[in-house]
Amino acid sequence: MNEKIRQLLDQMSALEEDLRREVQAQEANALYQIKGKRIEFEAAIRQAHRQLKTSFFRWLVTNRPQNLITGPIIYSMIVPMVVLDLCVSFYQATCFPIYGITKVRRGDYIVFDRQQLAYLNFIEKFHCTYCAYGNGLIAFVSEIIGRTEEYFCPIKHARKMLGAHSRYARFLAYGAAEDYEAKLEQFRVRLGDPQPPRRP
């Protein structure tokens, strides 16, 4: 990778981080404050949220029938998700220390905070918790696999690929064989450095 591309990628990363911080600060100033694990709204907003809450029976009557019918299929996916979670967590716990790779912090990816929203009823909160786990798990697994790929094979594909993980842009160009082993070792050394969380 040439120096210009590396500088542009560094600038993009810095700008993305600045944007995330600014958006979060704007949202927090406008609606809520984060205090430890608690999220606190102003009293007037809390009251408005409670008034907007749909009762369970009203929700049940107004919900789309196809959502209720497909519910068992959606929630049965918890089994493969938990198996995936256990397997990947075991892999990271056993292999990352051996490779010298900094572990991925689960809490940076799997976040449960929507249950603190007073305008959601208990079924909606349950749905939100399930989705937060599923999407957070996929992001968590993607980061673990991305670090593994960076350790063993930090080479871009020849074909354009959709949905690449956050580390992929810095990988070596396809077919760039010169000093491959030395460059691979540089990737491996960097993986041992503590990494800031990459939140979407």
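Helices α4 (residues 65-76) and α5 (residues 78-99) pack at about 15°, their axes sitting 5 Å apart. Here axes are lines fitted to C-alpha atoms, over the stretch in contact for helices, and angles run from 0 to 180 degrees between N-to-C directions. That makes α4 and α5 roughly parallel to each other, a label for angles under 35 degrees. The helices themselves are DSSP runs (H or I, at least four residues), numbered from the N terminus. On the α4 side, Ile74, Tyr75 and Ser76 meet Ile78, Val79 and Pro80 of α5, with contact taken as heavy atoms within 4.5 Å. By class, this contact has five nonpolar residues, one polar and no charged ones; Val, Ile, Tyr and Pro are among those counted as nonpolar, Asp, Glu, Lys and Arg count as charged, and the others as polar.

The model is a predicted one, so local features need pLDDT of at least 70 and side-chain atom pairs count only at 80 or more, while totals for chains, interfaces and linings use all residues. Residue numbers start from 1 along each chain as its sequence is written, and side-chain values use heavy atoms, leaving out hydrogens and water. Mean pLDDT (the predictor's per-residue confidence, 0 to 100) is 86 for the protein chain, with 93% of residues at 70 or more.

As for disulfides (cysteine sulfur pairs within 2.5 Å), the structure holds zero. The sulfur of Cys128 has its closest cysteine sulfur in Cys131, 6.7 Å off and too far for a bond. Cys131 counts as partly exposed at 39% relative accessibility, the class between buried (under 20%) and exposed (over 50%), using a 1.4 Å probe and protein chains only.

Terms used. Helices (H or I, at least four residues) and strands (E, at least two) are DSSP runs, numbered from the N terminus. Angles under 35 degrees count as roughly parallel, over 145 as roughly antiparallel, 65 to 115 as roughly perpendicular and the rest as oblique.
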